[in-house]
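Keep the sequence and the model in view as you read.

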Amino acid sequence: IQAAGIASPFYYRRYPLETLEVAITGTRLMLELAEKHDARFTFFSSSEIYGDPDPKYVPTPESYRGHVSCQGPRACYDESKRVGETLCYIFHETKGTATNTIRPFNVYGPGMQESDYRVLPNFASRIKGGKPLHVYGSGNQTRTYCYITDAINGFLRVIARGVPGEAYNIGNP
């Protein structure tokens with residue numbers, strides 16, 4: 001299971017090369033290990049591989065190709081996850097490695113840190129501090145949030161019974 005990654009926008013903007021390295025080199029090395037030992041392989045990607053999705057694709061089907069820019073402050077994360085998925089596809093198609101990709105959609109729950117700078121911990125921190133909520137952008141954004149226990153249920157189902165070569169979106173509609 002390759003679940004390593006720098007998913008916090010605050011940190012992947014600070015460490016863009018390391019973000020690429022974890023998702024690309026780390027995934028390739030893990031795939032080579034899975035191939036060597038004839039093991040199943042699960043890659044944790046991200047809903048961010050879709051970039052700025054067209055609202056008509058919400059909920060997002062696995063077949064949606066996305067709208068991603070290879071340049072900009074989010075590109076190191078988005079593109080590294082896309083390359084990780086491509087590596088899984090290549091190993092499955094050319095070497096027969098049983099791969100699955102999981103794309104979590106905004107999982108939340110206990111253990112999230114205020115210093116992670118994600119939207120829900122940011123809101124909680126500001127509420128706790130008696131400060132007004134800060135919404136970045138126009139405020140018209142939409143998100144789906146999936147509680148950690150629900151997400152883990154989906155993750156484990158994919159890990160145990162996922163169809164080799166398939167990607168699975170895990171989230172709420």
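In helix H3, the buried residues are Ala75, Cys76, Tyr77, Asp78, Ser80, Lys81, Gly84, Glu85, Leu87, Cys88 and Phe91; buried means under 20% relative accessible area, exposed over 50%, and partly exposed in between, with a 1.4 Å probe and protein chains only. Their cover includes helix H1 (9-14), helix H2 (16-36), strand S1 (41-44) and strand S2 (99-104). Helices (H or I, at least four residues) and strands (E, at least two) are DSSP runs, numbered from the N terminus.

A word on what you are viewing: this is a predicted model, in which local features need pLDDT of at least 70 and side-chain atom pairs count only at pLDDT 80 or more, while totals for chains, interfaces and linings use all residues. Residues are numbered from 1 along each chain as its sequence is written, and side-chain values use heavy atoms, with hydrogens and water left out.

Back to H3, which covers residues 75-95: its 21 residues reach 29 Å from first C-alpha to last, close to the 30 Å expected at 1.5 Å a residue (the expected span is 1.5 Å times one less than the number of residues). Just after the helix, Gly96 takes a positive phi of about 75°.

Now step back to the whole chain. Its secondary structure comes to five helices and five strands, and from the N terminus the elements run α-α-β-α-β-β-α-β-α-β. The radius of gyration is 17 Å, close to the 16 Å that the globule rule gives for 173 residues, so the chain is as compact as a globular protein of that length; the radius is taken over C-alpha atoms, and the rule is 2.2 Å times the number of residues to the power 0.38. Of the 173 residues, 32% count as buried. Among contacts (heavy atoms within 4.5 Å) between residues at least 6 apart in sequence, 72% join residues at least 24 apart.

You will find Pro164 in the loop between helix H5 (148-161) and strand S5 (166-170), partly exposed at 36% relative accessibility. Leaving aside neighbours within four places in sequence, Pro164 is in contact with Arg40, His92, Ala98, Thr99 and Asn100. Arg40 lies 124 residues away along the chain, yet the C-alpha atoms of Pro164 and Arg40 are separated by 8.3 Å.

Finally, look at Met112, in the loop between strand S3 (107-108) and helix H4 (119-128). Met112 is partly exposed, with a relative accessible area of 30%.
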